[in-house]
Number of protein chains: 4
Amino acid sequence: VTHLVRNAYGKSRVRLTRVTRHPDRHDLKEVTIDVELEGDFEATYTEGDNRSVIATDTMKNTVYALARNHPLDHIEGFGVHLAKHFADGYEQVSSATIRLAEDAWTRISVDGNAHPTAFVGGSAEKRTCTVRRSGGATSVRSGLRDLLVLKTTDSGFSGFARDQYTTLKEADDRILATVVTAEWVYEEGDHDWNACFEAARLSMLERFATHHSLSVQQTLMDMGNAALEACPAISEISLQLPNSHRIPIDLSPFGMDNPNAVFVPTDEPFGMISGTLRRNRDGR
Amino acid sequence: VTHLVRNAYGKSRVRLTRVTRHPDRHDLKEVTIDVELEGDFEATYTEGDNRSVIATDTMKNTVYALARNHPLDHIEGFGVHLAKHFADGYEQVSSATIRLAEDAWTRISVDGNAHPTAFVGGSAEKRTCTVRRSGGATSVRSGLRDLLVLKTTDSGFSGFARDQYTTLKEADDRILATVVTAEWVYEEGDHDWNACFEAARLSMLERFATHHSLSVQQTLMDMGNAALEACPAISEISLQLPNSHRIPIDLSPFGMDNPNAVFVPTDEPFGMISGTLRRNRDGR
Amino acid sequence: VTHLVRNAYGKSRVRLTRVTRHPDRHDLKEVTIDVELEGDFEATYTEGDNRSVIATDTMKNTVYALARNHPLDHIEGFGVHLAKHFADGYEQVSSATIRLAEDAWTRISVDGNAHPTAFVGGSAEKRTCTVRRSGGATSVRSGLRDLLVLKTTDSGFSGFARDQYTTLKEADDRILATVVTAEWVYEEGDHDWNACFEAARLSMLERFATHHSLSVQQTLMDMGNAALEACPAISEISLQLPNSHRIPIDLSPFGMDNPNAVFVPTDEPFGMISGTLRRNRDGR
Amino acid sequence: VTHLVRNAYGKSRVRLTRVTRHPDRHDLKEVTIDVELEGDFEATYTEGDNRSVIATDTMKNTVYALARNHPLDHIEGFGVHLAKHFADGYEQVSSATIRLAEDAWTRISVDGNAHPTAFVGGSAEKRTCTVRRSGGATSVRSGLRDLLVLKTTDSGFSGFARDQYTTLKEADDRILATVVTAEWVYEEGDHDWNACFEAARLSMLERFATHHSLSVQQTLMDMGNAALEACPAISEISLQLPNSHRIPIDLSPFGMDNPNAVFVPTDEPFGMISGTLRRNRDGR
């Protein structure tokens with residue numbers, strides 16, 4: 001009396017440290033990987049017949065085995081490699097989706113020089129990538145998440161709709177803080193993944209800093225446009241910008257003014273602004 | 001040279017405590033609510049023109065004001081009320097989505113009796129609901145998340161595919177533990193939301209306990225079927241069941257056997273199994 | 001030019017699942033264990049000489065090996081067993097401290113009966129225990145943490161000190177919510193650990209429910225006294241009670257009163273109240 | 001029949017954003033502050049008599065009011081200011097402890113130049129400080145926490161004790177990763193807090209990078225010595241170094257070697273190494 005209309009399964013949070021030992025330095029990558037497969041797996045749901053099931057433990061092993069001989073210069077390349085392994089190597093798989101999130105590690109500076117084998121980490125920011133392979137085609141989406149930015153001026157919010165539940169005051173100079181999540185879609189094919197990532201990230205940071213914001217929505221649009229301008233291989237970008245409110249403290253009960261100096265940062269509730277921009281096909 | 005292909009915004013994590021003071025007892029609800037709107041908001045993205053923008057601060061105020069006169073007997077009813085307020089009350093709104101998550105509080109037992117005004121909480125489990133109103137129609141999805149369950153027997157996993165990366169041993173008696181996320185779709189209209197929720201939840205728990213599992217996939221299918229059987233108003237259910245592995249410890253280096261007694265629970269990596277079941281229209 | 005004035009090391013977050021398979025039912029314990037040793041370990045700090053170092057990996061193995069033959073009826077008994085193993089079995093160890101935190105699992109109810117092999121968990125509340133063995137003596141502290149409780153009435157806070165920075169209004173009927181952390185000290189020797197734990201926990205819950213609170217401090221004192229009355233083997237108890245504020249919403253901007261009905265729960269900032277009570281030696 | 005042997009209370013997680021608006025740039029500090037008082041507060045515990053109680057809400061207000069006119073050049077200075085306010089301004093207070101944790105924000109680089117009003121954050125690392133004032137004396141402890149560091153070589157662990165539960169292999173070239181928590185004690189008096197912090201932090205990072213590690217304990221000792229050498233105003237330092245294991249993957253089941261290239265990072269269990277170093281009084 002029921003039927004299975006969708007099924008998927010995989011291994012999540014496979015964590016990988018990959019060290020490449022060059023004569024003059026070591027390179028370090030730390031990546032967390034999710035593998036998800038769709039395909040002809042209905043028998044295990046309906047009958048407990050596992051003959052077509054690739055164990056999720058096998059997926060984990062595969063990630064480590066394939067990492068052995070892959071340079072891991074960028075998560076996009078390793079994601080494509082994994083997606084092809086699963087989608088092209090097993091008859092029962094109709095699509096493979098690989099999600100990768102890379103931790104940022106930078107070299108420790110010793111006497112002003114980057115140390116060849118010692119690293120400092122700890123940023124919340126992750127570089128991300130989703131590769132999906134299905135029907136012989138591969139799509140690559142890249143992005144970042146948990147990039148915290150804040151500007152102390154050049155941001156306002158006024159002229160918004162007012163009704164009986166509106167108490168918010170207009171602000172022509174407020175703090176704007178957000179935690180950027182961005183994901184962009186690449187045109188099909190191979191690209192200079194690292195250069196594109198760096199250009200998109202840098203352009204969004206610079207635009208955030210220099211732009212005059214009339215609303216978080218407008219900031220989102222400008223940051224998205226900056227990324228599309230910075231990297232021609234990107235056809236579309238989605239951004240999510242929570243409004244990480246810094247609320248001015250009312251010091252008047254203590255006989256003091258607050259010259260836009262003392263604020264309380266709050267985690268909840270928060271505004272959440274999202275949007276997707278696409279490059280016009282005809283370039284207009 | 002770009003255009004906005006999707007936009008949405010709202011207020012997330014509006015937290016609400018609602019106490020209803022009856023003569024013989026107090027009722028307590030604690031709910032975290034997200035409001036998200038779509039509609040004619042492009043001008044703020046492209047021009048910073050905020051005239052159509054309902055401030056997210058106003059959304060928060062609205063939640064509290066509407067909670068004042070609503071019984072909040074169930075999150076579904078309050079979600080519908082909020083969705084109608086936003087979708088039907090503002091011309092520029094084309095759809096309103098309300099997400100609600102309720103914390104479980106139970107009465108403290110004093111001398112074996114439920115205390116009328118004192119409560120104990122702390123479960124990770126949340127009752128959830130998503131109401132979407134668009135074009136005059138309202139859809140209601142309900143569910144739960146973070147329901148931890150474990151069975152010490154009646155679970156195996158064998159007969160799966162083997163390749164060069166497979167090392168997992170077949171298991172005919174393993175621990176099965178998972179953290180249930182379930183979301184079901186109601187037929188249009190009004191239903192006995194609390195009775196349906198209780199019936200669906202209880203049936204899934206009982207099926208998990210009594211069922212013999214040949215794979216997590218099969219357990220998912222059986223639990224979904226149980227919910228569909230328990231509540232005729234449900235037309236479809238999606239489940240996500242991470243495999244919260246309990247790995248037997250190899251005690252042989254210490255000259256001991258391990259009679260399925262000593263395990264290490266691990267958080268990562270984990271298998272993730274998902275599926276969606278739909279009731280057949282013709283009842284077959 | 002420097003000297004080491006204190007050193008300690010160990011293994012943290014050793015997670016253990018222990019299943020005891022009786023003919024009619026299985027018992028389940030899940031415990032997270034920290035082992036910490038002090039002693040004659042200075043040579044590894046100063047010289048990198050590891051000859052006296054018991055590897056933390058060995059500590060982990062020991063936990064699993066000792067769990068194989070221990071009934072684990074209570075975390076106190078297993079903690080004492082581990083502490084003796086490390087403190088009495090190695091010459092270089094001067095003291096061993098074992099910290100244990102147990103997850104709550106209860107049996108799933110099927111048709112009103114407790115199922116023999118299926119469990120539901122997910123409570124934030126942990127039962128805790130710290131065993132320290134040093135110089136041939138063993139001390140046992142037990143407790144709990146993350147026990148969420150809330151009362152909707154019978155709580156006020158008034159008559160407090162006022163100065164130029166005080167804006168808080170007096171409250172004669174407020175919501176009181178807290179997250180109980182309690183740790184008590186047992187008289188030396190062996191006790192009925194499970195009965196004591198249950199009596200102490202229940203008495204604190206009941207006192208919280210039935211007591212009229214004039215301050216969180218007074219509630220702390222009353223709950224501590226309840227535990228000391230409930231279990232004579234306890235000589236001292238420390239409690240930490242954060243004040244998990246539920247702040248009444250001002251609905252007057254919307255033309256509404258708020259009859260103690262609508263509140264916002266906040267996580268930060270929070271009041272934090274702590275205190276330690278000791279039983280008088282002479283019983284007065 | 002019981003007495004209160006210790007009591008303390010305060011406000012935790014008071015979050016503060018402080019912007020100082022210079023003509024050519026804005027400075028930004030974000031700090032989370034805990035206030036804790038001890039003193040003559042027994043009457044509220046025993047009688048619910050709140051006359052001596054400074055409400056924790058007042059503490060929060062005081063933090064914001066005092067931040068209005070304080071430059072907040074360093075958390076140490078603001079901590080001392082707050083501690084004196086509470087310890088010296090209220091007769092019933094015998095000691096005040098202020099704990100501060102500062103988020104790292106750095107300026108966004110635009111065309112290679114530090115932007116004057118836009119910032120990027122997101123590091124887990126916090127700069128910390130604990131100021132305690134009691135009996136007219138003030139002690140200052142400063143430090144940091146959640147500083148992630150990793151070295152891919154120059155670290156081993158061998159020659160440790162072996163018993164029947166030891167399975168760990170000796171390692172002469174392993175990855176060493178840790179999350180540094182450090183807290184140092186300053187000599188009484190005023191110091192150049194920012195210069196000392198920077199010198200201590202930098203010296204520990206450099207020592208971690210360049211030192212050859214025979215055990216985490218030895219690394220701890222060397223890092224502590226580096227900080228004591230870098231800042232003469234520090235008399236003592238405590239470090240906690242969890243061993244954030246990177247475990248080499250055994251690729252032999254797949255017919256591959258693993259040339260120290262592929263690892264799994266694990267969060268639990270973890271080794272935890274701690275130690276306290278004190279400068280010798282006589283300089284030897």
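This is a predicted model: local features need pLDDT of at least 70, side-chain atom pairs count only at pLDDT 80 or more; totals for chains, interfaces and linings use all residues.
Local features need pLDDT of at least 70, side-chain atom pairs count only at pLDDT 80 or more, and totals for chains, interfaces and linings use all residues. Residues are numbered from 1 along each chain as written, chains are lettered from A and ligands numbered from 1 in written order, and side-chain values use heavy atoms, without hydrogens or water.

**Chains A and D**

A rotation of 180° with 0.0 Å of shift along its axis puts chain D on chain A, at an RMSD of 0.0 Å. The two copies are therefore related as by a two-fold rotation axis. In chain D, the C-alpha nearest the axis belongs to S123(D), 2.1 Å away.

**Helix α5 of chain D**

Helix α5 (residues 216–230) of chain D has 15 residues. Helices (H or I, at least four residues) and strands (E, at least two) are DSSP runs, numbered from the N terminus. Twelve of the 15 residues of α5(D) are buried, so the rest of the structure largely encloses this helix. Buried means under 20% relative accessible area, with a 1.4 Å probe and protein chains only. The cover includes β1 (2–21) and α1 (42–47) of chain C. It also includes β8 (176–186), α4 (193–210), β9 (234–243) and β12 (270–279) of chain D.

**E236 of chain B**

E236(B) lies in strand β9 (residues 234–243) of chain B. At 14% relative accessibility, E236(B) is buried. Its side chain makes a polar contact of 2.8 Å with that of R278(B). Such a contact pairs N or O atoms within 3.5 Å; within protein, one must be able to donate a hydrogen and the other to accept it, and residues adjacent in sequence count only if both atoms are side-chain atoms.

**Cysteines**

The structure holds four disulfides over all chains. Each is a pair of cysteine sulfur atoms within 2.5 Å.

| Disulfide | S to S |
|---|---|
| C196(A)–C231(A) | 2.2 Å |
| C196(B)–C231(B) | 2.2 Å |
| C196(C)–C231(C) | 2.2 Å |

The S-S torsion of C196(C) and C231(C) is about 50°, so this disulfide is right-handed. C196(C) sits in helix α4 and C231(C) in the loop between α5 and β9 of chain C, so the pair ties together parts 35 residues apart in sequence. C196(C) is buried at 9% relative accessibility, and C231(C) is buried at 2%. C129(C) is in no disulfide; the nearest cysteine sulfur, that of C196(C), is 12 Å away.

Definitions and conventions
Copies are superposed by least squares on the C-alpha atoms of residues with pLDDT of at least 70 in both. Buried means under 20% relative accessible area, exposed over 50%, partly exposed in between (1.4 Å probe, protein chains only). The expected span of a helix is 1.5 Å times one less than its number of residues. Contact means heavy atoms within 4.5 Å.
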